[in-house]
Amino acid sequence: MNRKNSKSAYKEAVRYIPGGVNSPVRALYGLDEEPLFIDKAKGVTLVDIDGNKYTAYCLSWGVFLQGHSHPAVKTAVIKAVAHGTSYGVPCIAETELAKKINTFLPSMEKIRFVNSGTEAVMSAIRVARAYTGKNTIIKFDGCYHGHADHLLVSAGSGVAGLSGASSAGVPEDFTRHTVSIPFNDQKAVEAVFKLKGTDLAAVIVEPVPANMGVIIPNHGYLEFLRKITKDYGALLIFDEVITGFRLSSGGTQKLFCIMPDLTTLGKIIGGGFPAAAFGGRSEIMDMLAPDGPVYQAGTLSGNPVAMAAGSAVLNVLSEIGFYTELEKKCSVFYTVLLEVIKGKNIVLNHIGPMFTLFFSDKEVFDFNSSCASNAKRFAEFFRSMLKNGNYISPSRFEANFISSAHTPQDMEKFIDAVQKSI
């Protein structure tokens, strides 16, 4: 597979952009590969600048549940652009998307739009601290909540590849009110609450972690987090930047019938444009300026083009049978995939249209067990899948995604490539 133009483009990018990329995982460090430079994408097909085609299972890190360049989204975006690309004053598109999100996620009584998941999480924690009058937050090892200073503590995603527990340039004072503990460990949560319960503002969690690979919560674990936070007067924040609208029309909270106090969303709600949101109970969200004392602002927040794209996506997801058909497709895929990997020291963790293959002979249920998976085997697997025309998420600490645009033929091709690769 010739990638001469991509290699040349990467050499030039390195001259002007740190590492040649604008998000570290894209550099493919540790995989003995250089980044692909993509020319276009449609449905589940990526075409690089050398003309090579790949079936995508990264889907812009989970953005495209309906596939790349969906016709309804393109139409909505073109119409929005014709009216202007940014106003800096309110537009109806903001309210329309907020209303749609509220319909799907009733826990988000009021919503504030921002431009990235990092910004959404940072703002949700700020308002949680202000509402409770407390400082300390609990997060979980391997859960990645963006790159705000106070959250780069035992984080997953690209941070998991760094040598330290956090990031250079983050003073200890920024993280001293952040406690990170193992996911799926109820006793660890209880111990922190007993020790610091009077100063705990919130517990923030990816309800189904996807930044240390897909990790399934133990039975009753999320319900336990809901109860203990209520008992101690702390808020429960669901980071559904990845899982929101992916695991069900109402995200993880609908799937598990749990109402968090605050929720953060991103990826899918932007339809491929920079958009994210945080929201929750009215009395909490009313702490935000201009009504309350918590300041948060953004020039491009509620951008009309992004709002139009997000509304179009939710319209597609609202179509009768969308999630039912997607679930059927995934069920068949996982059944076949499990047979293919049987006896190969590979663990498949999956839920809905989201999965990770861990190269391990043991169950993977938290960050430590994820880190114990074989990095060398994953790198070999990634290169082989790429050679066979499949672009999976380029990190053993990330999820892969299935969309409504994947066909049975696409999935057969993936299964065949797995057989060849292992």
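Asparagine 184 sits in the loop between β6 (178-181) and α7 (186-196); helices (H or I, at least four residues) and strands (E, at least two) are DSSP runs, numbered from the N terminus. Its phi is near 70°, which is positive in a residue other than glycine. Most residues other than glycine have a negative phi, and most peptide bonds are trans. Asparagine 184 is buried, at 11% relative accessible area (buried means under 20%, with a 1.4 Å probe and protein chains only).

This is a predicted model, where local features need pLDDT of at least 70, side-chain atom pairs count only at pLDDT 80 or more, and totals for chains, interfaces and linings use all residues. Residues are numbered from 1 along each chain as its sequence is written, and side-chain values use heavy atoms, with hydrogens and water left out.

Leucine 59 also has a positive phi, about 50°, without being a glycine. You'll find leucine 59 in helix α2 (residues 59-62), and at 1% relative accessibility it counts as buried.

Now for a peptide bond: the one from alanine 289 to proline 290 is cis, with omega near 15°. Proline 290 belongs to the loop between α10 (282-285) and α11 (304-317).

Next, look at the open sheet of 3 strands, ordered β11-β12-β14 with antiparallel pairing (two strands pair if DSSP finds at least two bridges between them). β11 (347-351) and β14 (400-401) are its edges, each pairing on one side only. Strand β12 (residues 354-358) joins β14 over 2 bridges, and phenylalanine 355 stands opposite asparagine 400 in β14.

How far can you trust all this? pLDDT, the predictor's confidence in each residue from 0 to 100, averages 94, and 95% of the residues score at least 70. Over residues 158-165 pLDDT stays under 50. Where pLDDT is low, the predicted coordinates should not be read in detail.

How values were computed: Contact = heavy atoms within 4.5 Å. Buried < 20%, exposed > 50% of the residue type's maximum accessible area, 1.4 Å probe, protein only.
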